[in-house]
Amino acid sequence: MHTLLADPELIEPLARELGVPAGTSPWLTCDPLPEFAAFARQALPESQSVHAASINGWADAILSAIVGLLPDHQPWRLHLWPAYGEGRAGAHRCELVRNALAERLKKRRRALLRSLEDGTAPFTPATSLVQVALTAPDTGLLSVCAAPGPHARRALLSAFPAGEILPAVDKQAPSRAFAKVVEAELRLGERLQGGQSCVDLGASPGSWSYVALQRGARVTAVDRSPLRSDLMRNPRLRFHQGDAFKFRPETPVDWLLCDIIAAPQRSIDLLLDWLRAGLMRRFLVTVKFKGSDEYGLLDQLKGQAPGFCSDFRLTRLCANKNEVSAFGRVD
Ligand SMILES: C[S@@+](CC[C@H](N)C(=O)[O-])C[C@H]1O[C@@H](n2cnc3c(N)ncnc32)[C@H](O)[C@@H]1O
């Protein structure tokens, strides 16, 4: 059985997406594991329930789950987090479990201790992922996903513990929407770069263009309204006033950024059109919703977009509101 974790307000949309009953628990089980789950924060493949009364009991349970499953000399990560309570007690307990596990590895499995890595960089085909979510001090879920599973399932498995990414903060940005670009870059493991060409559709007031310009990219910003005046003066920004749905670049661009406020079907069609026409190498497109009736439209992207991409993601970013972001790489 596999478990997917939803934000509390997204239990119902995730249950609908998976075709399973919704309750009050943010942990939803399903089988098989879907390729995409836009409303899931994190996936715990092959999860098992664990009961452990003590810190040592937890460390023993984790050790016996990983021995034999993880290759000795390949990198692996341990995501161990408290999924209960508000205070520091859960985090402290997880810290103690981590230390007790490290002690055991030091004595019995040095090679595994050496290959345990920190960080949230995207998974490589060699990375394994062990997740332990304590749903109470003495119960929880444990999932071991051996390499190349996390990389192969990167559209579903977050490299961030519990799938949580704190939205970036930058008071100079024209709006907080810039955090969506930063989060997509982190998830994809690729930033906009100096010298790249970028089209930003629905660009005003300009926080996505702001990020692209900061990275050194050349931006064609398309909107009915101008961007913030300092961005309009930037020599690497060209402003095209008009209907973003009608805009096509003369030659393919490195990045399509699109955050147009529009009916979800229009944004979905736009992305699929650009992909079919081969107009971009990378993309980030927001699909915005009113209410939840149209979430099912995302199935079109799940069915069609991966065929054009080497890496396709469809997820409600931590920085998203009632939106889902489609992003990825074409080549
Ligand atoms: C959410 S805002 C974009 C915010 C922007 N990404 C940022 O971070 O500053 C959506 C924008 O889409 C623009 N928009 C909506 N429909 C459009 C259309 N058909 N053509 C061009 N712009 C459009 C609106 O004018 C608005 O500026």
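Trainee: What makes β8 and β9 a pair?

Mentor: The model is predicted, so everything here is computed from it. Two strands pair if there are at least two bridges between them. β8 and β9 have five, in the parallel sense. One place to look is Leu201, which stands opposite Val222 in β9.

Trainee: How do you know that β8 pairs with β11?

Mentor: Apply the cut-off of at least two bridges again. β8 and β11 (residues 253–258) share four bridges and run in the parallel sense. Here Asp200 stands opposite Leu257.

Trainee: Where do these strands sit in the sheet?

Mentor: The order is β10-β9-β8-β11-β12-β14-β13, an open sheet of seven strands with mixed pairing. The twist averages 10° from one strand to the next.

Trainee: Why are β10 and β13 called edges?

Mentor: Each has a single partner strand, so one side of each has no neighbour in the sheet.

Trainee: Why is β8 called mostly covered?

Mentor: A residue is buried if 20 or more other C-beta atoms lie within 10 Å of its own. Four of the five residues of β8 (197–201) are buried.

Trainee: Is Phe160 buried, exposed or partly exposed, and why?

Mentor: Buried needs 20 or more neighbours, and exposed means 12 or fewer. Phe160 has 18 inside 10 Å, so Phe160 counts as partly exposed. Phe160 lies in the loop between α5 (149–152) and α6. Leaving aside neighbours within four places in sequence, Phe160 is in contact with Thr120 and Ile165.

Trainee: What does α6 lie across?

Mentor: α6 lies across β11, β12, β13 and β14, running at about 45° to β14.

Trainee: How many residues surround the ligand, and which are closest?

Mentor: There are 22, and the closest are Ala177, Gly202, Ser207, Ala244 and Asp259. α7 and β9 are the elements that give two or more residues to this shell. The shell divides into twelve nonpolar, six polar and four charged residues.

Notes: Residues are numbered from 1 along each chain as its sequence is written. This is a predicted model: local features need pLDDT of at least 70, side-chain atom pairs count only at pLDDT 80 or more; totals for chains, interfaces and linings use all residues. A residue is near a molecule or strand if its C-beta atom, placed from the backbone, lies within 6 Å of it. Ala, Val, Leu, Ile, Met, Phe, Trp, Tyr, Cys and Pro count as nonpolar, Asp, Glu, Lys and Arg as charged, and the others, Gly among them, as polar. Two residues are in contact if their C-beta atoms, placed from the backbone, lie within 7 Å. Axes are lines fitted to C-alpha atoms, for helices over the stretch in contact, and angles run from 0 to 180 degrees between N-to-C directions.
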